[in-house]
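Here is a briefing on one protein chain. Look over the sequence and the model, then read the points by topic.

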Amino acid sequence: RRLEEGGYIEGFTARLNPEKIGYSLTAFVSVVLDRPQRRTVFLKTLLKLDQVLEAHHVAGSEDYLLKVVAASTRDLDQFLSEILKSIPGVARTRTTIVLGTAKDIALKPPPQAR
């Protein structure tokens, strides 16, 4: 309760197994926007897309890094070509398909906070 009141715990969620609910493929998609003014529309659209699990504004040559789930490579292709690339301002994407996951854990507090 103290951790909740202190803002350390933001909420509780169930972690679903993506494969059990039909998403057998995970990919990371880097997105480059054609200009910063397109960011608001891009982000509003992302919030509506169930296949996008995470969206991070990043430093480097890309603007955003997305964690995306799909039922298959065909489903991912459809998502990329018909949905993501149709968002105004998306200039280009680069996709990396996950072959396996070595580590996927919930966030732990740093040692000095334990």
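The notes below go from the overall fold to single contacts.

This is a predicted model: local features need pLDDT of at least 70, side-chain atom pairs count only at pLDDT 80 or more, and totals for chains, interfaces and linings use all residues. Residues are numbered from 1 along each chain as its sequence is written, and side-chain values use heavy atoms, with hydrogens and water left out.

**Fold and dimensions**

- The protein chain has 3 helices and 4 strands. Helices (H or I, at least four residues) and strands (E, at least two) are DSSP runs, numbered from the N terminus.
- Along the sequence, the pattern reads α-β-α-β-β-α-β.
- The C-alpha trace spans about 45 × 35 × 25 Å along its principal axes.
- Of the 114 residues, 25% count as buried. Buried means under 20% relative accessible area, exposed over 50%, and partly exposed in between (1.4 Å probe, protein chains only).
- Among contacts between residues at least 6 apart in sequence, 68% join residues at least 24 apart. A contact means heavy atoms within 4.5 Å.

**Helix α3**

- Asp-75, Leu-76, Phe-79 and Leu-80 are buried in helix α3 (residues 73-83). They cover an arc of only 130° around the axis, which puts them on the same side of α3. The arc is that of the directions from the helix axis to the C-beta atoms.
- An α-helix has 3.6 residues a turn, so residues three or four places apart point the same way.
- Thr-73, Arg-74 and Glu-82 are exposed on the other side of α3.
- The cover over the buried residues of α3 includes β1 (25-33), β2 (52-57), β3 and β4 (90-97).

- Phe-42 sits in helix α2 (residues 39-47) and Tyr-64 in strand β3 (residues 64-70), so the pair ties together parts that are 22 residues apart in sequence.

**Salt bridges**

- The structure holds 4 salt bridges. Each is a side-chain nitrogen of Lys or Arg within 4 Å of a carboxyl oxygen of Asp or Glu.
- Arg-15 bridges to Asp-104, with the closest N and O atoms 3.1 Å apart. Arg-15 lies in the loop between α1 and β1 and Asp-104 in the segment after β4, so the pair ties together parts that are 89 residues apart in sequence.
- Arg-15 is exposed at 55% relative accessibility, whereas Asp-104 is partly exposed at 46%.
- Asp-34, Arg-35 and Arg-38 are linked in a network of salt bridges. Arg-35 meets Asp-34 at 3.8 Å, N to O. For Arg-38 and Asp-34, the closest N and O atoms are 3.6 Å apart.
- Arg-35 is partly exposed at 39%, as are Asp-34 at 40% and Arg-38 at 25%.

**Surface**

- Leu-3, Tyr-8, Ile-9 and Phe-12 form a nonpolar surface patch, with about 490 Å² of accessible area together. Patches are made of residues with over 30% relative accessible area and no salt bridge: like charges are joined within 9 Å, nonpolar side chains (Val, Leu, Ile, Met, Phe, Trp, Tyr) within 5 Å.
- Tyr-8 is in the loop between α1 (2-5) and β1. Tyr-8 is exposed, with a relative accessible area of 66%.
- Accessible areas come from the Shrake-Rupley method with a 1.4 Å probe; for residues, only the protein chains shown count as cover.
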